[in-house]
Amino acid sequence: MGGTAKSESGNQVLGILGGMGPEATVDFFRKVVEATPASKDQDHIHIIVNCDPSIPDRTENILGKGPDPLPAMIEAGRKLASAGATVGAVPCMTAHRWMEGLRAALPFPFLSAFEELERRIRSEYPRVKRIGVLATTGSIRAGLFEQHLADWRIHFPDEEAQTRFVMEAVYGTHGIKSGNRGDEPRRLLREAGNRLVARGAELLIAGCTEIPLALKPGDFEVPLLDPMQVLARAVVDYCRGGRA
């Protein structure tokens, strides 16, 4: 990863490279605040947010239908660096396809949701062998989950369920990216998740940052992991000096 400079106060300054999408960015900010042990305002982490929704759609690019988002992501990261960020996080799972490009181009390190997710599964779910993933088609096509979770058997929805339930829940007219966190996207995602459980998944991953906005941990008979919650806890630990 990049450099390890600190702010003048001696504390790390978290830069959130957001806008992919805006609601997921707000949700990640909230998760970081909630994960921080604090009894007063001054106990919290210094956070700078660049929520830039003009960054090209990641899934569209992976599917060959849109421009490369990396240049815009790097530009957004440079603005965070100029504002004083010393460590970064990206609240978008699909955007992690370009993580190494970000790390190479920017002067501060980025924590990876995939790397933190792998660490969490190994430590808290050592007996799990089969994992079901609810994610965008872009993330699936990019092979991110197989790459980072190579020691587990990964199950994705079949093509019909992916289109009808997952992508509709996220991108549909009444989907999460349209501002709907209500019963319809939740119903669609629960159907997709329950099908994965029926195929043997012992753990489910909400592999798109919008998905936890509609789903809850108790929606399935197996655990549901939110990678952004995992990343938020890792960021807090890093910024408070718990990790090198």
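**Figure 1. The cover over helix α1 in this predicted model includes β1, β2 (46-51), β3 and α10**. These elements lie over the buried residues of α1. The buried residues are Ala24, Thr25, Asp27, Phe28, Lys31 and Val32. They span an arc of only 165° around the axis, which puts them on the same side of α1. Val26 and Glu34, on the other side of α1, are exposed. The helix α1 has 14 residues, and the distance from its first C-alpha to its last is 20 Å. That is close to the 20 Å expected at 1.5 Å a residue.

**Figure 2. Phe28 is one of the buried residues of α1**. Leaving aside residues up to four places away in sequence, Phe28 touches Ile16, Ala89, Pro91, Met228, Leu231, Ala232 and Val235. Phe28 is also among the residues with the most contacts inside the largest nonpolar core.

**Figure 3. The largest nonpolar core has 37 residues**. Leu14, Phe28, Ile121, Ile131 and Phe145 have the most contacts inside this core. At least two of its residues come from each of β1 (13-18), α1 (22-35), β3 (87-89), α5 (113-124), β4 (130-134), α7 (144-148), β6 (203-206) and α10 (227-239). The largest share, nine residues, is supplied by α10. Domain 1 (13-112 + 230-240) and domain 2 (129-222) both contribute residues, so the core lies between them. Apart from this core lies another, of 23 residues, including Leu134, Ala192, Phe220 and Val222. In soluble globular proteins, nonpolar side chains tend to be buried together.

**Figure 4. The protein is divided into domain 1 and domain 2**. Domain 1 is made up of 13-112 + 230-240, and domain 2 of 129-222. Between the C-alpha centres of the two domains the distance is 22 Å. Where they meet, 16 residues of domain 1 are in contact with 19 residues of domain 2.

**Figure 5. Four strands form an open sheet with parallel pairing**. The order of the strands is β5-β4-β6-β7. At the edges stand β5 (153-155) and β7 (224-225). Each of these edge strands has a single partner strand, so one side of each is left without a neighbour in the sheet.

**Figure 6. The strands β4 and β5 run parallel and are joined by three bridges**. Arg130 stands opposite Arg153 in β5. The strand β4 (130-134) also gives at least two residues to the largest nonpolar core, and Ile131 is among the residues with the most contacts there.

Key: Residues numbered from 1 in each chain as written. Predicted model: local features only at pLDDT ≥ 70, side-chain atom pairs only at ≥ 80, totals over all residues. Heavy atoms only, no water. Core = buried A, V, L, I, M, F, W, Y, C linked by side-chain atoms within 4.5 Å. Buried < 20%, exposed > 50% of the residue type's maximum accessible area, 1.4 Å probe, protein only. Domains from an automatic or database assignment. Contact = heavy atoms within 4.5 Å. Pairing = 2+ DSSP bridges. Expected span 1.5 Å × (residues − 1). Arc of directions from axis to C-beta.
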